[in-house]
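Keep the sequence and the structure in view as you read.

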Amino acid sequence: MQRCLELAKKGLGATYPNPMVGAVIVHKGKIIGEGWHKKAGTPHAEVNAIHQVTNKSQLNESTLYVNLEPCSHVGKTPPCADLIIEYRIPRVVIASTDPNPLVSGRGIKKLIASGCKVETHVLHKQSDFLNRRFFTFHQKKRPYIILKWAQTKDSFIAPLPSEKNEAEIFWISNPISKQRVHQWRSEEAAILVGVQTLVQDNPQLTTREWNGKNPLRLVLDPNARSPKKSIVVTDKEPTIFFTKNKTEAFSGIKKQVALNPFSINSILNYCYENQIQSIIVEGGLKTIQSFIDTDMWDEARVFTSEKKLDRGVKAPIIKKSFTQTEQIESDLLSFYFNETFQAKN
């Protein structure tokens with residue numbers, strides 16, 4: 001099962017809106033096939049593992065390990081449970097039950113009804129953690145929310161506006177940490193900032209320093225004051241601007257969504273309805289703190305550098321203890337988790 005999780009993780013950032021799944025087939029103590037779900041719309045992990053088996057006659061004497069319950073419904077691909085039954089695989093070991101109502105126990109029941117011996121909840125905590133975005137989306141009916149910021153050693157996230165050099169962005173974290181952030185962006189469905197970040201920093205919010213897909217950009221802009229010459233307004237990447245009132249300022253890949261009421265809950269409801277499964281929040285103090293204060297966050301990733309400012313914009317305050325830390329050259333990266341999921345080694 002540990003190997004299943006290792007395989008599943010290879011799909012991080014590519015399987016959305018599907019979960020990450022790995023499968024391993026064992027015959028008389030030897031792995032004869034393995035696979036993972038590589039991209040939405042392509043064959044699932046179980047299919048890839050079965051297809052890798054050279055001698056298919058061995059399947060009716062094998063055990064299939066998979067970290068998520070095999071699907072039993074027809075989506076973009078045929079049901080994996082049917083394929084397992086077709087090849088008469090006698091035993092299936094599963095880590096997590098699928099939280100998607102379209103599956104949720106139906107795959108297990110189908111396998112058992114066919115005579116297959118099914119064992120569940122093997123390494124399920126590690127499996128649930130791996131697919132925490134997928135589980136949160138289906139169980140809490142909202143995206144999985146990751147907060148990210150960088151702060152100085154004396155807990156500031158930026159100089160005071162009056163002391164900021166408008167010609168350049170003030171970087172707190174080091175270049176390696178910056179690259180890690182771009183990697184994270186490639187792993188999430190969307191990235192969110194407040195309009196003040198556009199006004200002050202004019203960010204790109206892309207994965208330009210990592211080979212990965214750019215996330216959908218979300219901008220909290222209640223009074224429709226996004227600068228018309230800002231990068232996120234003028235480039236060719238999809239962006240949604242959340243406002244209080246519709247002004248028809250954008251069209252095509254630049255979309256304006258008016259919310260009433262304008263609130264975090266309204267924004268997350270929109271994201272859920274539009275299948276946006278995860279968000280990394282990289283806004284300023286006001287935006288990040290609003291997610292903390294409304295308890296609408298799941299994970300926080302905080303870089304602390306060796307730099308000091310003595311005065312400036314204070315860092316967000318999070319009343320949790322960090323779960324783990326990692327040193328990235330001169331930066332200390334701390335991870336925080338809010339209740340449901342905790343990091344599993």
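Five strands make up an open sheet, in the order β2-β1-β3-β4-β5, and the pairing is mixed. At its edges lie β2 and β5 (117-119), each pairing on one side only. Neighbouring strands are turned by 20° against each other on average, direction ignored. Bear in mind that this is a predicted model.

**How strands pair**
- Strands of a sheet pair through backbone hydrogen bonds, and the pairing is either parallel or antiparallel.

**β1 and β2**
- Strand β1 covers residues 22-27, and strand β2 covers residues 30-36.
- The two run antiparallel, joined by six bridges.
- β1 and β2 form a hairpin, with two residues between them.
- K28 sits in the turn and has a positive phi of about 50°.

**β1 and β3**
- Strand β3 (residues 63-68) pairs with β1 over four bridges, in the antiparallel sense.
- V26 has T63 in β3 as its bridge partner.

**β3 and β4**
- Here the sense is parallel: β3 pairs with strand β4 (residues 91-96) over five bridges.
- Y65 is bridged to V93 in β4.

**Burial of β1**
- How many of the six residues of β1 are buried? Six of the six are, and the strand is mostly covered.
- In a regular strand, side chains alternate between the two faces of the sheet.
- In β1, G22, V24 and V26 point one way.
- A23, I25 and H27 point the other way, and the residues of both sets are buried.

Note on methods:
Residues numbered from 1 in each chain as written. Predicted model: local features only at pLDDT ≥ 70, side-chain atom pairs only at ≥ 80, totals over all residues. Heavy atoms only, no water. Buried < 20%, exposed > 50% of the residue type's maximum accessible area, 1.4 Å probe, protein only. Pairing = 2+ DSSP bridges. Axes fitted to C-alpha atoms, helices over the stretch in contact; angles between N-to-C directions.
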